[in-house]
Amino acid sequence: MVHAHFDTAARQALTAAAVEAKVRKDLSWQQIADVSGLSVAFTTAAVLGQHPLPREAAEAVAELLGLDADAALLLQTVPVRGSIPGGIPTDPTIYRFYEMLQVYGTTLKALVHEQFGDGIISAINFKLDVRKVADPEGGERAVITLDGKYLPTKPF
């Protein structure tokens, strides 16, 4: 049975314990994803409290991180989503994403609606990929792919 939790403090405490274990064991997010059998983006989001993990994945991740059965159970519950408190983000990396949406958000909206019509791009039926590529002008570039299912608005 699927369960949801509403105590964000419990989930935040689990996230803190999981990240502490990751650091203590010197694990990468990819290593954690490998035992989960899921993508690195989904697994990372789940461990950071944004998705539930399937039972087998939750148990494998908990075991790898040295977390108890209660933690494995909490990893399976549907969380209260949203990891950025209100207001403008102060973390520089998160702020740059905020800045990108401030600059290009209306452009993205205009292009999505022109190509698809009235609707949204799902963040639930969604895939995320982050890659590092060489910049022909020197240095490196970040390629971030956001791949969400388009959900049209349905008049009623």
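**Pockets, a nonpolar patch and salt bridges**

Sorted by class, the lining of the largest pocket comes out as 27 nonpolar, eleven polar and five charged residues. Here Ala, Val, Leu, Ile, Met, Phe, Trp, Tyr, Cys and Pro are taken as nonpolar, Asp, Glu, Lys and Arg as charged, and the others, Gly among them, as polar. The structure is a predicted model, so local features need pLDDT of at least 70 and side-chain atom pairs count only at pLDDT 80 or more, while totals for chains, interfaces and linings use all residues. Residues are numbered from 1 along each chain as its sequence is written, and side-chain values use heavy atoms, with hydrogens and water left out.

The protein chain has six helices and two strands, where helices (H or I, at least four residues) and strands (E, at least two) are DSSP runs numbered from the N terminus. Along the sequence they run α-α-α-α-α-α-β-β. Taken along the principal axes, the C-alpha atoms fill a box of roughly 55 × 50 × 30 Å. Of the 156 residues in the chain, 24% are buried; buried means under 20% relative accessible area, exposed over 50%, and partly exposed in between (1.4 Å probe, protein chains only).

Back to the largest pocket, which holds about 2000 Å³ of space. A pocket, on a 1 Å grid over the protein atoms alone, is an open set of points where a 1.4 Å probe fits, with protein on both sides within 12 Å along at least five of seven lines; lining residues have an atom within 4 Å of a point. Grid points are joined across faces, edges and corners, and the volume is the space filled by probe spheres set on the points. There are 43 lining residues, and F97, F126, L128, I144 and L146 sit nearest the pocket centre. At least two lining residues come from each of α3 (40–47), α6 (92–116), β1 (119–134) and β2 (140–152). Helix α6 is the top contributor, with twelve residues.

The second largest pocket has a volume of about 260 Å³. Its lining consists of H5, T8, R11, Q12, T15, L48, G49, Q50, V80, G82 and S83. By class, that gives two nonpolar residues, eight polar and one charged.

On the surface, a nonpolar patch is formed by F97, M100, L101, V103, Y104, L108, F126, L128, V130, I144 and L146, which together have about 1100 Å² of accessible area. Such patches are made of residues with over 30% relative accessible area and no salt bridge, and nonpolar side chains (Val, Leu, Ile, Met, Phe, Trp, Tyr) are joined within 5 Å. Accessible areas come from the Shrake-Rupley method with a 1.4 Å probe, and for residues only the protein chains shown count as cover. Helix α6 and strands β1 and β2 each put at least two residues into the patch, with the largest share, six residues, coming from α6. F126, one of the patch residues, is in strand β1; F126 is partly exposed, with a relative accessible area of 34%. F126 is also among the residues nearest the centre of the largest pocket.

Elsewhere in α6 there is K109, an exposed residue at 52% relative accessible area. K109 and I120 are eleven residues apart in sequence, and their C-alpha atoms are 9.0 Å apart in space.

As for charge pairs, the whole structure has seven salt bridges, each being a side-chain nitrogen of Lys or Arg within 4 Å of a carboxyl oxygen of Asp or Glu. In one of them R24 meets E20 at 3.3 Å, N to O. These two are four residues apart in helix α1 (residues 8–24), so about one helical turn separates them. R24 is exposed, with a relative accessible area of 54%.

Another salt bridge joins R55 and E59, again at 3.3 Å, N to O. Both residues belong to helix α4 (residues 55–65) and are four residues apart, about one turn of the helix. R55 is partly exposed at 45% relative accessibility, and E59 is partly exposed at 38%. R55, E56 and E59 are linked in a network of salt bridges.

K132 pairs with E140 in a further salt bridge, with the closest N and O atoms 3.8 Å apart. Both ends are exposed, K132 with a relative accessible area of 64% and E140 with 58%.

Notes
Patches are made of residues with over 30% relative accessible area and no salt bridge: like charges are joined within 9 Å, nonpolar side chains (Val, Leu, Ile, Met, Phe, Trp, Tyr) within 5 Å.
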